[in-house]
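Reader: I have a new structure to look at and some terms I would like to understand. Could you go through them with me?

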Amino acid sequence: MHCSSPKMVCETKIVADEHDAIPGTKKDSIIVSSSQMWTSPSAPLNPEEEDKEDVVVSRRDSVFIREFELGDNVEVLRIFNEGIMERIPNTAFRGLRQQSNTQFLYALCTLMCFVMTKSLTLTCCAPFILMGARYYYSRTVIQNYLDYALNTDMADIEAYYMKPTGSCFWVAVLEGRVVGIVAAQGHEDDNTVELRRMSVDTHYRGKGIAKALGRRVLEFAVRNNYAAVVLGTTAVKMAAHKLYESLGFRLTSQSDDYRLPGMGRSLFERLFFQIRYSRYRLQLREE
């Protein structure tokens, strides 16, 4: 049986960029061993000691990690919405570099255009038409995914993450403003907790906020006796993958044939929208 951690406010000094690895120290509530297993301190803290360690003197360059409150909803949805929508150009253009089969298919289409039309003008236009189609279908699919999320867990964060035992939702507050979000969803069947919905306001990236949010999930998992933390991501930017690796996660699988929730079965969607799905796992202890 897992139980939610006591409500607390954590202030974490922002000391590094998201790209940098921050090794565990004695000041962290969890440390990484050479085998990448996470362990909690040998002696558990009592509530008074825990509060003393989690609450730090306020500083301008510090970020508070606290549990979600109903008053945060507008800012949380704004950050989530912006984070999802920025995937459109990333998936349409940057993501193509990961799709070698699709690159070959588009090159073949361009060549066929020249063979059939004998027009250099139309042939030169073909790649732009293909990229335009990729952007259109990426926007369509990701917008459908956003609608799906806003009608499931993100429609009622309190009911989906805050009330169930073994799950939680946090916000990062910097200079009095919500600048980042992350969720943890417990899975009793395999004794894991899933890191979900991590996103940071675009104006506050590169300050280590995502790393602080990730650490909060890891601390939560240790305190609630989960065996591992898992996550799945369709992030195209390598910075996101480096962040997970710096926290101790290890890539377990990848799929280039992933279907986003809300995605249809249209042939054109399959032709112009492909996305790589990566699964990561951080083992906390052996079962």
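Reader: Which residues form a nonpolar patch on the surface?

Author: Phe104, Leu105, Leu108, Leu111, Met112, Phe114, Val115, Met116 and Leu120 form the patch, with about 900 Å² of accessible area together. This is a predicted model, where local features need pLDDT of at least 70 and side-chain atom pairs pLDDT 80 or more, while totals for chains, interfaces and linings use all residues. Residues are numbered from 1 along each chain, and side-chain values use heavy atoms, without hydrogens and water.

Reader: Which helix gives the most to the nonpolar patch?

Author: Helix H4, residues 100–117, with eight residues. Helices here are DSSP runs (H or I, at least four residues), and strands are too (E, at least two), numbered from the N terminus.

Reader: Why is leucine 105 called partly exposed?

Author: Leucine 105 lies in helix H4. Buried means under 20% relative accessible area and exposed over 50%, with partly exposed in between (1.4 Å probe, protein chains only). Leucine 105 has 32%, so it is partly exposed.

Reader: What makes strand E5 mostly covered?

Author: In E5 (residues 168–174), seven of its seven residues are buried. Cys168, Trp170, Ala172 and Leu174 point one way, and Phe169, Val171 and Val173 the other way. In a regular strand the side chains alternate between the two faces of the sheet.

Reader: How do you know that E4 and E5 pair?

Author: Pairing takes at least two bridges found by DSSP. Strand E4 (residues 62–67) and E5 have five, in the antiparallel sense, so they pair.

How values were computed
Patches are made of residues with over 30% relative accessible area and no salt bridge: like charges are joined within 9 Å, nonpolar side chains (Val, Leu, Ile, Met, Phe, Trp, Tyr) within 5 Å. Accessible areas come from the Shrake-Rupley method with a 1.4 Å probe; for residues, only the protein chains shown count as cover. A salt bridge is a side-chain nitrogen of Lys or Arg within 4 Å of a carboxyl oxygen of Asp or Glu.
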